[in-house]
Amino acid sequence: QAKMSRPVQARRLEGIDKNIWVDFVKLAATYSTVNLGQGFPDFPPPDFLKEAFMRALSGENHMLHQYTRAFGHPLLVKMLAQFFGKLLGRDLDPMTNVMVTVGAYQALFCCFQAFVDEGDEVIIIEPFFDCYEPMVKMAGGMPVFVPLRPKAPKDGKLMSSADWQLDPAELASKFSERTKVIVLNSPNNPLGKVFSRGELELIADLCVKHDILCISDEVYEWLVYDGKEHIRIASLRGMWDRTVIIGSAGKTFSATGWKVGWTVGPNRLLQHLRTVHQNSVYHCATVAQEAVAQGFQRELDLYGKPESYFIQLPKLLQQKRDWLVQSLDAVGMKPIVPEGTYFLVADISEFKSDVPDVTDSDEPYDSRFAKWMVKNKGLAAIPLSAFYCGAHKNNYDHFIRFCFAKEEATLKAANDILQKWRQEKTRP
């Protein structure tokens with residue numbers, strides 16, 4: 001039989017076929033005894049959410065097993081509009097100011113497809129969640145990167161994610177007449193940086209000056225520590241009309257496998273997201289949306305009270321963060337203390353003698369180190385270079401990212417591996 005000789009893939013897929021998560025998930029499944037790589041909890045969602053799911057699944061309302069409204073289950077968009085309306089100080093229309101997506105991932109895809117044309121420039125702050133770059137390229141856009149630059153802390157203190165900052169002049173230089181969008185991720189994955197009001201005002205002023213859109217990825221909005229405040233850029237002057245907020249029940253309620261996400265914003269922007277959504281996935285799982293809606297109903301009733309899951313979860317995770325910080329610091333992996341998220345980045349410079357550098361390798365050092373660590377020590381983490389563009393990967397190749405949203409037993413097992421490793425290094 002004659003075989004096809006012409007290329008079959010679309011040009012927009014060229015150069016974006018590789019994905020670090022595919023490689024590292026496979027490695028972790030094969031070798032790791034402790035997986036602190038992927039960003040998911042190994043503890044369950046709260047009981048009230050599981051009970052809501054079971055009620056939806058086994059209750060008498062058989063329509064919860066069928067299609068619901070394409071752009072969001074009516075109860076869920078109603079609760080999201082009420083909840084975020086309260087946070088933003090706005091009256092939100094659940095039918096036009098909210099859209100439910102298959103996780104925040106699909107929300108991002110809808111944004112890039114809806115707003116980015118061939119040749120449009122999209123500013124991405126480094127380090128960035130790795131899907132931003134390929135999604136921009138698939139839409140025909142040109143990613144423009146601006147890094148957060150670390151500043152050494154004073155008095156020998158541990159570095160904080162707050163020590164990684166934008167240079168105002170450098171950021172301003174990235175805006176041009178071709179700029180269409182800036183992507184903001186606060187709290188930031190992988191650093192755990194929570195952007196300050198001053199930093200957000202700098203970004204907002206540039207957005208208004210150059211009349212560009214902001215895609216604000218806020219999936220870790222409740223996971224902030226040490227009394228830090230998550231500020232929504234859409235609440236700043238001139239930003240509501242040009243911002244799409246992205247959220248996630250996976251991170252909000254510790255249920256990443258449910259894949260319920262959402263967008264919040266003005267109808268003039270969301271109407272275009274609805275066009276992409278209805279011509280791609282069309283619809284999200286009804287039962288999961290019903291359960292998440294009931295979760296938000298509970299949290300709205302308990303807003304600001306100690307019993308609120310949105311208050312309890314960050315307290316729990318801050319304890320886990322502090323435990324991992326101490327564990328890493330004790331063995332010589334210098335942690336960068338995160339202000340938010342599930343993640344902690346650590347400097348592996350003192351461990352370089354275990355994995356010698358290879359001068360003729362194109363692979364960043366931290367990537368080879370992370371692969372060696374999972375194969376030889378059974379501990380899985382993600383190289384920080386995975387969150388940089390190709391030209392900048394080797395500039396930040398001595399850091400790895402750990403996820404601390406894990407059971408106490410998981411973190412203890414990781415500590416045992418690190419302690420044993422440290423003892424082996426110091427043994428004469």
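Analyst: A helix here is a DSSP run of H or I, at least four residues, and a strand is a run of E, at least two; each kind is numbered from the N terminus. This is a predicted model: local features need pLDDT of at least 70, side-chain atom pairs count only at pLDDT 80 or more, and totals for chains, interfaces and linings use all residues. Residues are numbered from 1 along each chain as its sequence is written, and side-chain values use heavy atoms, with hydrogens and water left out.

User: Which peptide bond ends at Pro127, and what is its omega?

Analyst: The bond joining Glu126 and Pro127 is cis, with omega about -5°. Pro127 belongs to the loop between β3 and α5. There is also a cis bond from Ser186 to Pro187, again with omega near -5°. Pro187 is in the loop between β7 and α7.

User: How do you know which strands pair with β9 and β10, and what is the count of bridges?

Analyst: Pairing takes at least two DSSP bridges between two strands. Strand β9 (243-248) and strand β10 (261-264) have four bridges and run antiparallel. That meets the cut-off, so they pair. Across this pair, Gly247 faces Trp262 in β10.

User: What is the strand order of the sheet that holds β9 and β10?

Analyst: The order is β2-β10-β9-β8-β7-β3-β4, seven strands in an open sheet with mixed pairing. β2 (98-101) and β4 (142-147) are the edges; each has a single partner strand, so one side of each has no neighbour in the sheet. From one strand to the next, the twist averages 20°.

User: How is α4 directed relative to β9?

Analyst: Helix α4 (103-115) packs on the seven-strand sheet, and its direction makes about 160° with that of β9. Axes are lines fitted to C-alpha atoms, for helices over the stretch in contact, and angles run from 0 to 180 degrees between N-to-C directions. Under 35 degrees counts as roughly parallel, over 145 as roughly antiparallel, 65 to 115 as roughly perpendicular, and the rest as oblique. Helix α7 (197-210) lies across β3, β7 and β8, at about 165° to β7.

User: Why are α4 and α9 called roughly perpendicular?

Analyst: Their axes cross at roughly 105° and come within 8 Å. That angle falls in the 65 to 115 range, so the label holds. Contact means heavy atoms within 4.5 Å. In α4, the residues that meet α9 include Gln106, Cys110 and Phe115; the α9 side includes Leu269, His272 and Val276. This contact divides into seven nonpolar, four polar and no charged residues. Ala, Val, Leu, Ile, Met, Phe, Trp, Tyr, Cys and Pro count as nonpolar, Asp, Glu, Lys and Arg as charged, and the others, Gly among them, as polar.

User: What makes β11 and β14 edge strands?

Analyst: They belong to an open, antiparallel sheet of four strands, β11-β12-β15-β14. β11 (334-336) and β14 (382-383) each have a single partner strand, so one side of each lacks a neighbour in the sheet. Three bridges join β11 to β12, and Lys334 has Asp347 in β12 as its bridge partner. Helix α12 (365-377) packs on this sheet, touching β14 and β15. Helix α11 (309-331) lies across β11, β12 and β15, at about 10° to β12.

User: What is the volume of the largest pocket, and how many residues line it?

Analyst: Its volume is about 810 Å³, and 29 residues line it. Lys18, Asn19, Ile20, Ala386 and Lys393 lie nearest its centre. The largest share of the lining, five residues, comes from α5. By class, the lining has 15 nonpolar, five polar and nine charged residues. On a 1 Å grid over the protein atoms alone, a pocket is an open set of points where a 1.4 Å probe fits, with protein on both sides within 12 Å along at least five of seven lines; lining residues have an atom within 4 Å of a point. The volume is the space filled by probe spheres set on the points.
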